[in-house]
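This report describes a single protein chain and its ligand, going from the overall fold to individual residues. Please keep the sequence and the model in view while reading.

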Amino acid sequence: MGKRKTAFCCQQCGYDSPKWLGRCPGCGAWNTMVEETVRTEPVRGGTGGLAGGRPPVPIAEVEVADMPRFATGSGELDRVLGGGIIPGSMVLIVGDPGVGKSSLTLKNCAYVAKHSGKVLYVTGEESVRQVRLRADRLAAIDDQLYVLSETNLEVIEQQTMKMNPKLLVIDSIQTMFRPELSSAPGSVSQVRESAVQLLRLAKNNAVAIFVVGHVTKDGALAGPRVLEHIVDTVLYFEGERNAQFRVLRAVKNRFGSTNEIGLFEMRSEGLLDVPDASKLFLSERPMAVPGSVVIPTVEGTRPLLVEIQALVSDSPFMPPRRTADYVDIKRIQLLLAVLEKRVGMLLGTSDVYVKIAGGIKVDEPAVDLGLILALASSFRNRRTAANTVLVGEVGLAGEVRAVSQVEVRLREAAKMGFSRMILPKGNLKNLPDGGSIALVGVETVAEALEAGLE
Ligand SMILES: Nc1ncnc2c1ncn2[C@@H]1O[C@H](COP(=O)(O)OP(=O)(O)OP(=O)(O)O)[C@@H](O)[C@H]1O
Ligand SMILES: [Mg+2]
Ligand SMILES: [Zn+2]
């Protein structure tokens, strides 16, 4: 074991310093430096790397063992991972309390156990009985799925070596500790050192590891940020507790794209994949109501049709209220200004409410035109054109700018039975034709409103 000394470590970003500082130079936070034990010498005979002291090898001679990816049982999770789990990889799944991290991982553990080999699920937060109850609810029981309630990483490592599972789940990293460090579980040095130990375990034994991490708004626990550099893949699990949908988003992936998202629906029997999201998002759409617009948005390579709802009404307040759910309020304010200035709509005394139905966040500029049409439709109390979708970025001069991936959007709209698309004229020249969809190219917001309102 290495020699010990202490350092002051920012609990938010992991910056360390030999002396106490009021303000962290790393992230600028105040009063986040806490004294922690750090190791000064690397463990295991002087090599901290994964090679175990072996000499360099020519890259052409590196043996690539045939280790195909294995499926998680969730098409959505597989897609976000880049096509399944890679043996020996380490995946961090981060999310707010109660978002469903344990449910997601446990369910997939049972599938892997059934189809690929032994799985060890280590919980530091719950008793094995609690895990069993959840497993019953999720129908996640399998002979090859083992549960261990433990927080000491030494023990976890020993058990893992003995069992040699295909997949190891650590729920959560903030509860784990290495006994040779004196700082508390959840502190930056414990979290970081625990992750390093797990990484070594993953690489040396070809066991895939899922690590669950918490995010806390006040930074009371060590933020999982320090982990992001260590692991291979970082997935954020998002969604408000009472929203129907959960979104799994890759923010780092050494084995795949980071643009992909996975969609899940929260049900009592657990999280279910949502492969056909557009259908679900549009299923409760009110027909023929002013203020409702459908737009084809793209997340990664995945097109999604979502409904924008706007409500513009006379305000008893001064200044009037503006709220936006699942879309940036600043974007709404900008678009309101464009409508006032370029189209002459006097919105200054109106309350404005905008939301994306279904609770999925959209933040690409291509949704501008849809937002503008929804606002104008509600303000003028005129319905939007039937069977029509629209895309386009809106500039400050009221011009409509070209957007990316129009073909993908077009295909999704056609699949969902729409027959008309309003889009930037600039996109038309690269589009041969819209197939079953009539294309209406526009250059200005005024033209778009003309084409989009009944
Ligand atoms: N008995 C139940 N029936 C239906 N849904 C439940 C039940 N128990 C929990 N849930 C749902 O599962 C969610 C919690 O899932 P889970 O425990 O997997 O989340 P978590 O992210 O692991 O939370 P934590 O941060 O507390 O570990 C709850 O928000 C709730 O919606
Ligand atoms: Mg949990
Ligand atoms: Zn900091």
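## Elements and overall form

The model is a predicted one, and its protein chain contains twelve helices and 21 strands.

The C-alpha trace of the protein chain spans about 75 × 50 × 50 Å along its principal axes. Of the 454 residues in the protein chain, 51% are buried.

Strand β4 (residues 90-95) is largely enclosed by the rest of the structure, because six of its six residues are buried. Both faces of the strand are covered, with M90, L92 and V94 buried on one side and V91, I93 and G95 buried on the other.

Strand β4 pairs with β8 (residues 208-214) in the parallel sense over six bridges, and it is also joined by five bridges to β9 (residues 233-238), again in a parallel arrangement. L92 has a bridge partner in each of these strands, namely V211 in β8 and V234 in β9. A further bridge links V94 to Y236 in β9. Strand β9 is itself mostly covered, five of its six residues being buried, and it pairs in the antiparallel sense with β10 (residues 245-253) over six bridges. Within that pairing, T233 stands opposite N253 of β10.

## Surroundings of ligand 1

Which residues come nearest to ligand 1? There are 13 residues around the ligand, and those that come nearest are G98, K101, S102, S103 and R134. A polar backbone atom of G98 lies 2.9 Å from an oxygen atom of ligand 1.

Side chains also approach the ligand. A polar side-chain atom of E125 is 3.5 Å from an oxygen atom of ligand 1, whereas a polar side-chain atom of R137 is 3.2 Å from a nitrogen atom of the ligand.

## The buried arginine R302

R302 is located in strand β14 (residues 302-314). Its relative accessible area is 7%, and R302 is therefore buried. The side chain of R302 makes a polar contact of 2.9 Å with the side chain of E76, and a polar atom of the R302 side chain lies 3.4 Å from the backbone oxygen of I261.

## Loops and backbone geometry

Most residues other than glycine have a negative phi, and most peptide bonds are trans. A139 has a positive phi of about 55 degrees although it is not a glycine; it is found in the loop between α3 (128-138) and β6 (145-149), and with a relative accessible area of 64% it is exposed. Y326 likewise has a positive phi, of about 65 degrees, without being a glycine, and it lies in the loop between β15 and α8 (329-343). With a relative accessible area of 22%, Y326 is partly exposed. The peptide bond from D171 to S172 is cis, with omega near 0 degrees, and that from M318 to P319 is cis, with omega near -5 degrees. P319 is found in the loop between β14 and β15 (322-325).

P179 is partly exposed, with a relative accessible area of 39%. P179 and L153 are 26 residues apart in sequence, and their C-alpha atoms are 7.8 Å apart in space.

Conventions: Residues numbered from 1 in each chain as written. Chains lettered and ligands numbered in written order. Predicted model: local features only at pLDDT ≥ 70, side-chain atom pairs only at ≥ 80, totals over all residues. Heavy atoms only, no water. Buried < 20%, exposed > 50% of the residue type's maximum accessible area, 1.4 Å probe, protein only. Helix = DSSP H or I, 4+ residues; strand = E, 2+ residues; numbered from the N terminus. Pairing = 2+ DSSP bridges. Near = heavy atom within 4 Å. Polar contact = N/O pair within 3.5 Å; in protein donor to acceptor, adjacent residues only side chain to side chain.
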